[in-house]
Amino acid sequence: MLKIIKTSQLQLLAMIAALLLILVFFSIATEGAFISSRNISNLIRQTAIVGVLAIGMVFVIISAEIDLSVGSMMGLLGGIAAILDVWFDLPILLTILVTLASGLLLGLFNGWWVAYQKVPSFIVTLAGMLAFRGILVGLTDGVTIAPTSSALSVIGQSYVPSAWGISVVALICLGLLAKVYSKRRAKIRHQVAVPSAQFEYGKATLAVLVLLSLLWSLENYRGIPTPILIMGVLILVASYVAKRTAFGRRVYAIGGNIEASRMSGVNVEKTKMWVFGFNGIMVAVAALILTSRLGAGSPAAGNMAELDAIAACVIGGTSLAGGIGTVFGAIMGALIMASLDNGMSMLDVPTFWQLIVKGAILLLAVWLDVKTKKTQ
């Protein structure tokens, strides 16, 4: 059985076990307050911003690069959105489009230096981290821009109507079971070894039960937060791009062996530049959610967010050496990081201890990645 289960699936099971351990620990420590409907709602809203950043970052890391500028870029793009909304009173659609286009341009700017000028991504994005923060402070003159309009607030503060939320979750559950059934039938038809039906359907049923429990908890408060719906759509799109498109396969190939990819005809420079461009769009989406949630554009917004995004990817099984990683794993990593943040804040753990714990977990995740690669 264990030979049939892939390494990635074992990593996923390990992450689920870690998440359950965190859930049980903080539930006991807070006497049940951690799993209250209100806190679950807050927790997954916290996850949305880091999760969206991690979706873009996972592509960058799979291509064997790094982006240290996403925190400052998110602050700058959030500031641009706030300026357009508060100072210029632009229609919400135009504000969104300009912010997304700005994110794409900043991402392509980073990618051009990395791909065509051969400057290491660590240096390019470190420079970006400083420069983008400087531009943000210059644009805003160091003051918070508020309050944002009610239209912009919908993105980060509203909730999906119950009927829509229940319908979406029901479709996801049915789609999940149908996917397991069709993949299993296809493997059997092609005489490929498969795990037992009890294991596969049991795993899918467990996932469905988790989704229904989450839905029940959220509906007991105010429903599904809109940022989670946005993140869910982005997960589906990014997973499809990673697994089903030529672009996704090229990104994995470049991260696995760049010279072999070049010799097989892959345009490495163009692909890398667009990886950073895609990451820029994800940062712009996260910036819109953050600005909407805060109701303001702040010069300090997004500070150190790049470390949370990188940690989420690594904890979620993405290899810093490139070529290995999944969008879903990165989201699980973001959820683990947000759970730790949320739980420690509820217990009034001092900030310095929170940073020490998060740093230790990141170090442990990288160490496991290094050990795993050595044994393969």
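Student: Is Arg-262 buried, partly exposed or exposed?
Tutor: Arg-262 counts as partly exposed, at 33% relative accessibility. Buried means under 20% relative accessible area, exposed means over 50%, and partly exposed is in between, with a 1.4 Å probe and protein chains only. Keep in mind that this is a predicted model, where local features need pLDDT of at least 70, side-chain atom pairs count only at pLDDT 80 or more, and totals for chains, interfaces and linings use all residues. Residues are numbered from 1 along each chain as its sequence is written, and side-chain values use heavy atoms, leaving out hydrogens and water.

Student: Got it. What does Arg-262 form a salt bridge with?
Tutor: Its partner is Glu-269, and their closest N and O atoms are 2.9 Å apart. A salt bridge here is a side-chain nitrogen of Lys or Arg within 4 Å of a carboxyl oxygen of Asp or Glu.

Student: And which residues end up in one network with it?
Tutor: Lys-118, Arg-262 and Glu-269 are joined by salt bridges that share partners. Glu-269 also pairs with Lys-118, with the closest N and O atoms 2.8 Å apart. That pair links distant parts of the chain, since Glu-269 is in helix 12 and Lys-118 is in the loop between helix 4 (92-115) and helix 5 (121-140), 151 residues apart. Helices are DSSP runs of H or I with at least four residues, numbered from the N terminus.

Student: Are Glu-269 and Lys-118 buried or exposed?
Tutor: Glu-269 counts as buried at 16% relative accessibility, whereas Lys-118 counts as exposed at 52%.

Student: How many salt bridges does the structure hold?
Tutor: Five. One of them is between Lys-272 and Glu-65, whose closest N and O atoms are 2.3 Å apart. Lys-272 lies in helix 12 and Glu-65 in the loop between helix 2 (37-62) and helix 3 (70-87), so this pair ties together parts 207 residues apart in sequence. Lys-272 is buried, with a relative accessible area of 10%, and Glu-65 counts as buried at 13%.

Student: New topic! Where is Thr-291, and what is it in contact with?
Tutor: Thr-291 lies in helix 12 (residues 268-294). Leaving aside neighbours within four places in sequence, Thr-291 is in contact with Gly-78, Ala-82, Thr-148, Leu-152, Ala-296 and Gly-297. Contact means heavy atoms within 4.5 Å.

Student: Is Thr-291 buried or exposed?
Tutor: Buried, with a relative accessible area of 3%.

Terms used. Helices (H or I, at least four residues) and strands (E, at least two) are DSSP runs, numbered from the N terminus.
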